[in-house]
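User: Could you walk me through reading ligand contacts and helix packing in a model like this one? I'd like the general idea each time, then the case at hand.

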Amino acid sequence: MKLEHLIEEFETEIEDKSMRKDITIQGIADSSMDVEKDFVFVAIKGFNADGHSFIEQAIQRGACAVVGEEAISNSSIPYIRVENSRKALGVIANKFYGSPSKDKLLIGVTGTNGKTTTSYLLKHILEESGVSCSMIGTIQNVINGEVTQCVNTTPNSLVLHELLSKSRDEVIIMEVSSHGLTQHRVEGLKFDYCLFTNLYHDHLDYHASMEEYFRAKSLLFDKLKAHGQAIVNTDSFWGEKLSARLQDKGKRPYTIDESEDSDLRLLNFNLENSTITVKDNNELIHICSPLSGVHNMYNVAMAYATAKHLKIAKERILKAIYEFTGVDGRFEVFQQDNGTTVVVDYAHTPDAIFHCLRTARLCGAKRVLHVFGFRGDRDPTKRREMLSITSELSDHYILTVDDLNTVSHKEMIETLKSLSDTFGNEKGAVVSDRTLAIKQALDQSESGDWIVITGKGHEKYQQNYDLPAESDKDTIMYLNNMKKRLLE
Ligand SMILES: CC(=O)N[C@H]1[C@@H](OP(=O)(O)OP(=O)(O)OC[C@H]2O[C@@H](n3ccc(=O)[nH]c3=O)[C@H](O)[C@@H]2O)O[C@H](CO)[C@@H](O)[C@@H]1O[C@H](C)C(=O)N[C@@H](C)C(=O)N[C@H](CCC(=O)O)C(=O)O
Ligand SMILES: Nc1ncnc2c1ncn2[C@@H]1O[C@H](COP(=O)(O)OP(=O)(O)OP(=O)(O)O)[C@@H](O)[C@H]1O
């Protein structure tokens, strides 16, 4: 593709007109380290670094043009000045990869919690109905059945367009984070369906307020195609607000909640046999799912509604939901020989913790023991609420280390102690090693108890701990094996 074609969308002039615009572009890079011969380098002012300071390095590596926001004179190669480099990256990536989303059915899922679960369940329903499906999200990306690892929930626009261009699947389901939306990572995409799961306290280290967080999430719905459909969980203030916002813009969202005037009405949750009754067009439907918890019933309803919109037969949807075995690290249950139930879950927001602990209670736990921690460098404002919820809903909590990121172990332990002293209750303890915290909970447990371990879910540990384990699930396995060996 010629440079002049790649940049024709921009009103800005190439700084030096004597430069060759007819040069053939071989690729695009937003990192100077990825630049190769005849690549366009897009300089981005980031949170840690400024891509403009790597322009020289990019040129040395073979860049044939640079896109950036700053005024630069005497550039030795064409320099295209734009207002917003992240946005420009999306525009040129879309062009370079030939508008790869144009012929795909694109489903975007946003919300604080439930994106991954809803996406996996929907993918399962579609595939069981013979529809091929790509998925882009937190745990991994799956394109044409091939799994690749990911850095972000929503990759940047360059990676995203490349993934889309590779996909031969009929449908693409992607999780869209608020970071992704504000950083223009989905620039150039138009969605057929946009789903809103919920909005809870999270990421207030990044967004200045819940209102701003909501505005960020709402941006996804501006990217609906003209005949695209929004599917919104309206059981909360923020869901209702989004629905009203869409209606103000002339859109008719499909709503899901427990009220009479919703499009899909959730009537009854039966946690004992994991069934939810919904009213769909005056028909009462019983949806049975092995997923535990009221929160998952909402995820089930969301996936059901979307599959119905995609014209999948009701019976097929119900069968697929019934057979869905769940998502790695999302309320994953491990029964212990002593009659204790251990749950590993990815909850790291107050609300998600509330749902997990409440689910354990509703499932008849004799006692609930909660093991969890706080991530270093992540929204500290939610910690107090997380502690209050566990103090209320668990019989005993053990605060321990989660990912430290750049925070030192010592500093984190001091934080845990101080938070527990101030906002916890006497039922809590701090154990500095995560694997030993899990061991302590297992050692204390009796038949009928539930141990709920939250925070890490499917993820591997960032730190080394005392027990040789790489994840919460590993730790449980290790401890069980150790016990068996001792008994032999
Ligand atoms: C804070 C944040 O969101 N950062 C994201 C952002 O990084 P950035 O562009 O600011 O990076 P930077 O390091 O400052 O570098 C600036 C520019 O200089 C360039 N550079 C840098 C060094 C060099 O030698 N040469 C060079 O060209 C970089 O390639 C970059 O273009 O843009 C990158 C590309 O899109 C993201 O990978 C990165 O996500 C980081 C890894 C991250 O942890 N983000 C989290 C907060 C996040 O986005 N999370 C959400 C999920 C949230 C949820 O749970 O719901 C997600 O979608 O993943
Ligand atoms: N609908 C829901 N409402 C409230 N909490 C939920 C819901 N679905 C899942 N959760 C909780 O949130 C955790 C993360 O779920 P999931 O991975 O599906 O959400 P996500 O939106 O992808 O999260 P993240 O953005 O953190 O990756 C679960 O382990 C569970 O504790």
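Analyst: Happy to. Let's start with a polar side-chain atom of Lys 115, which lies 2.7 Å from an oxygen atom of ligand 2. This counts as a polar contact, meaning a pair of N or O atoms within 3.5 Å; within protein, one must be able to donate a hydrogen and the other to accept it, and residues adjacent in sequence count only if both atoms are side-chain atoms. The model is predicted, so local features need pLDDT of at least 70 and side-chain atom pairs count only at pLDDT 80 or more, while totals for chains, interfaces and linings use all residues. Residues are numbered from 1 along each chain as its sequence is written, chains are lettered from A and ligands numbered from 1 in the order in which they are written, and side-chain values use heavy atoms, with hydrogens and water left out.

User: Which residues are closest to ligand 2, and how many surround it?

Analyst: A residue is near a molecule if one of its heavy atoms lies within 4 Å of it. Here 21 residues surround ligand 2, and the closest are Lys 115, Thr 116, Thr 117, Arg 330 and Asp 345. Nitrogen atoms of the ligand take part too: a polar side-chain atom of Asn 299 is 2.9 Å from one, and a polar backbone atom of His 295 is 3.3 Å from one.

User: What surrounds ligand 1?

Analyst: Ligand 1 has 23 residues around it, the closest being Ser 32, Phe 47, Asn 48, Asn 152 and Ser 177.

User: Now the helices. At what angle do α4 and α9 cross?

Analyst: Helices (H or I, at least four residues) are DSSP runs, numbered from the N terminus. Axes are lines fitted to C-alpha atoms over the stretch in contact, and angles run from 0 to 180 degrees between N-to-C directions. For α4 (residues 115-128) and α9 (residues 294-309), the axes come within 9 Å and cross at roughly 40°. The two are therefore oblique to each other; angles under 35 degrees count as roughly parallel, over 145 as roughly antiparallel, 65 to 115 as roughly perpendicular and the rest as oblique.

User: Which residues make that contact?

Analyst: Contact means heavy atoms within 4.5 Å. From α4 come Thr 117, Thr 118, Leu 121, Leu 122 and Ile 125, while α9 contributes residues including Asn 299, Val 300 and Ala 307.

User: How is α9 oriented against α10?

Analyst: The axes of α9 and α10 (residues 314-323) come within 10 Å and cross at roughly 150°. That makes α9 roughly antiparallel to α10. Val 300, Tyr 304, Ala 307 and Lys 308 of α9 meet Lys 314, Ile 317, Leu 318 and Ile 321 of α10.

User: And what about α7 and α8?

Analyst: Helix α7 (residues 210-218) packs against α8 (residues 237-248) at about 50°, with the axes 11 Å apart. They are therefore oblique to each other. Met 210, Glu 211, Phe 214 and Ser 218 of α7 meet Trp 238, Lys 241, Leu 242 and Arg 245 of α8.
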